[in-house]
Amino acid sequence: MDRLVASCCDLDGEAYRLSSFAPAFPVHAHDHYVIGRIAGGRRILSIPAGKIMLHPGDLLVLPPGMGHGCTAAGEEFLAYEDVNISKGSMESILGFLPSFRSSVIDDAGLSSSFSSLVSSILYSGRDVRRESLAAFLSSLPAAGKADSDDQAIEEAVLYISDRCCEPISVQDMASAAGLALSTFMRRFRRSRGISPYRYLESVRIGKAEDLIRGGMGIAEAAAATGWTDQSHFTRFFSSFTGLTPARYRSMFTGRNQDG
């Protein structure tokens, strides 16, 4: 597997390219926007709306909190490009938090533009890549400002984001939403396509990625994000990212590690 990563501090996110990559990703979620491009191989994407076949050239546009997973559709390895953008950066660039018309976009022109954008982020200066990102985002087919279809679930999501590193329970989340436990679990899964606790685990892994990318040790990052069992943390990290924590850390330290 080859993976080239740029930590984009001015964008509060990251961009990367990878190839010769084949693992399945279980359903998980992020608290940032994910924009990706299938550069090679075919995948089956699972989102709340159902399963979608992805082909080379297809773009993925996933909002924060959407449960998603994917598996290989054949024997080909995956080649993939990705830009992750925090909600704060997205709002700073566009002036609002957008919703997009579709999670998968089949548009050769936009696909080519996105590949050029990734190159800009990986190899160009901060001003250039911010301008390139703003231009690309403005060209996506958008439905306007993002609006929650379930305010109670939004309250729970904010609660999880604020307290994800603390020992919170699903009952705590339901209480934050002002819902009975069974109602909360049913509505959360319908809204996000993922169970509440799986969502919490996803957010914790995302926070751990941020800390490791910033130079924190793996054990310290695991403890700081609420993981009390190191092996449990490593297993989930590898499942969600396709990389061990040590391999992920090595991309930012220049050391070639595995573990």
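Me: How many aromatic pairs does a search of the whole structure find?

Reply: This is a predicted model, in which local features need pLDDT of at least 70 and side-chain atom pairs count only at pLDDT 80 or more, while totals for chains, interfaces and linings use all residues. Residues are numbered from 1 along each chain as its sequence is written, and side-chain values use heavy atoms, with hydrogens and water left out. Rings of Phe, Tyr and Trp (its six-membered ring) pair if their centres lie within 6.5 Å; planes under 30 degrees apart count as stacked, over 60 as edge-to-face and the rest as tilted. The search finds 10 aromatic pairs. In one of them, the centres of the Y33 and F100 rings are 6.3 Å apart and the planes stand at 85°, so this pair is edge-to-face.

Me: Which parts of the chain does the pair of Y33 and F100 link?

Reply: Helices (H or I, at least four residues) and strands (E, at least two) are DSSP runs, numbered from the N terminus. Y33 belongs to strand β4 and F100 to strand β10 (residues 98-100); the two are 67 residues apart, and the pair links distant parts of the chain.

Me: Are Y33 and F100 buried or exposed?

Reply: Buried means under 20% relative accessible area, exposed over 50%, and partly exposed in between (1.4 Å probe, protein chains only). Both Y33 and F100 are buried.

Me: Which residues are buried in helix α9?

Reply: They are F233, F236, F237, F240 and T241. The arc is that of the directions from the helix axis to the C-beta atoms. These residues cover an arc of only 110° around the axis, which puts them on the same side of α9. F236 and F240 lie four residues apart in this helix, about one turn. Their ring centres are 5.7 Å apart and their planes are at 90°, so they too form an edge-to-face pair. W227, F233, F236, F237, F240 and Y248 make up one aromatic cluster. Just after α9 comes G242, with a positive phi of about 80°.

Me: Which residues of helix α5 are buried, and what do they pack against?

Reply: In α5 (residues 170-177), the buried residues are V170, M173, A174 and A177. They span an arc of only 100° around the axis, which places them on the same side of α5. Contact means heavy atoms within 4.5 Å. The buried residues of α5 pack against α4 (151-163), α6 (181-192) and α7 (196-213). G178 follows α5, and its phi is positive, near 75°.

Me: Which residues touch the most other members of the largest nonpolar core?

Reply: In soluble globular proteins, nonpolar side chains tend to be buried together. A nonpolar core is a set of buried Ala, Val, Leu, Ile, Met, Phe, Trp, Tyr and Cys residues joined through side-chain atoms within 4.5 Å. Of the 21 residues in the largest core here, I35, V83, I85, F114, F136, L137 and L140 touch the most other members. The largest share, six residues, comes from α2. Apart from this core lies another, of 20 residues, among them Y159, C164, I168 and V203.

Me: How many disulfides does the structure hold?

Reply: A disulfide is a pair of cysteine sulfur atoms within 2.5 Å. The structure holds zero disulfides. C164 is in none, and the nearest cysteine sulfur, that of C165, is 3.8 Å away. With 2% relative accessibility, C164 counts as buried.
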